[in-house]
Amino acid sequence: MTAVGFTEQELRDLRLVFDIFSSDKKHITDKEVCEALRLLGFKTDTEEVLALLQKVNSSGKKDVQFDTFTNLVSMLQGSDFDAHEEIIQCFRTMDKDGDGYLSVEDLSMSSKEAKLKIKRRELQNMISEADKNGDGMVSEQEFVEVMLKTVIFNYV
């Protein structure tokens, strides 16, 4: 079984998500697969994912390789997924002070929680790119608009 229907950019994005959870860039555990799928916005429970993994993981091992991961994502396409709601939930998770806006500080704390090392200047650039009204912060609506333009929400 191959992961059909993904563009090169979509595969790069899936690889990025996979690599976040993989220490060796080759395998992730079944538990990490569940976390990666949630990061991608899939509303799946652990039991469902484990059952699907048994179908696509021919090796029978608990470690999942990238091709198995992409096959799983391919199988889940079209499932119960509400991109807008997922984006809003993501925004609210990152809005650490609950003021309805994302600041550089909010992004900094969120990236640290995700164990991502992103320079403050890069975070400021992200804010500037999404900030349409020039107030130096990103509102929920601005965040939704930017996220809906990304490749990740075009294939799920």
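Leaving aside neighbours within four places in sequence, Asp 30 is in contact (heavy atoms within 4.5 Å) with Leu 50, Leu 53 and Lys 62. Asp 30 belongs to helix H2, which covers residues 30-39; helices (H or I, at least four residues) and strands (E, at least two) are DSSP runs, numbered from the N terminus. Asp 30 counts as buried because its relative accessibility is 16%, where buried means under 20% relative accessible area, exposed over 50%, and partly exposed in between (1.4 Å probe, protein chains only).

This is a predicted model, in which local features need pLDDT of at least 70 and side-chain atom pairs count only at pLDDT 80 or more, while totals for chains, interfaces and linings use all residues. Residues are numbered from 1 along each chain as its sequence is written, and side-chain values use heavy atoms, with hydrogens and water left out.

**Nonpolar cores**

- A nonpolar core is a set of buried Ala, Val, Leu, Ile, Met, Phe, Trp, Tyr and Cys residues joined through side-chain atoms within 4.5 Å.
- The largest such core has 22 residues, of which Val 33, Leu 37, Phe 69, Leu 72 and Val 73 touch the most other members.
- At least two residues of this core come from each of H1, H2, helix H3 (46-56) and H4, and H4 gives the most, with five residues.
- Leu 72 is in contact with Val 33, Leu 37, Val 49, Leu 52, Leu 53 and Val 56, leaving aside its neighbours within four places in sequence.
- A second, separate core of 14 residues has among its members Ile 87, Leu 102, Val 104 and Val 144.

**Helices H1 and H4**

- The axes of helix H1 (residues 8-21) and helix H4 (residues 66-76) come within 11 Å and cross at roughly 115 degrees; axes are lines fitted to C-alpha atoms, for helices over the stretch in contact, and angles run from 0 to 180 degrees between N-to-C directions.
- H1 is therefore roughly perpendicular to H4, given that angles under 35 degrees count as roughly parallel, over 145 as roughly antiparallel, 65 to 115 as roughly perpendicular and the rest as oblique.
- From H1, Leu 11, Leu 14, Arg 15, Val 17 and Phe 18 meet Phe 66, Phe 69, Thr 70 and Val 73 of H4.
- By class, this contact of H1 with H4 has seven nonpolar, one polar and one charged residues; Ala, Val, Leu, Ile, Met, Phe, Trp, Tyr, Cys and Pro count as nonpolar, Asp, Glu, Lys and Arg as charged, and the others, Gly among them, as polar.

**Helices H3 and H4**

- The axes of H3 and H4 come within 10 Å and cross at roughly 120 degrees, so H3 is oblique to H4.
- Glu 48, Val 49, Leu 52, Leu 53, Lys 55 and Val 56 of H3 make the contact with Thr 68, Asn 71, Leu 72, Met 75 and Leu 76 of H4.
- Seven nonpolar, two polar and two charged residues form this contact of H3 with H4.

**Met 126**

- Met 126 lies in helix H7 (residues 120-130) and counts as partly exposed, at 41% relative accessibility.
- Leaving aside neighbours within four places in sequence, Met 126 is in contact with Leu 107 and Ile 118.

**Positive phi angles**

- Lys 25 is not a glycine, yet has a positive phi of about 65 degrees; Lys 25 is in the loop between H1 and strand E1 (27-29).
- Lys 115, also not a glycine, has a positive phi of about 60 degrees and counts as exposed at 76% relative accessibility.
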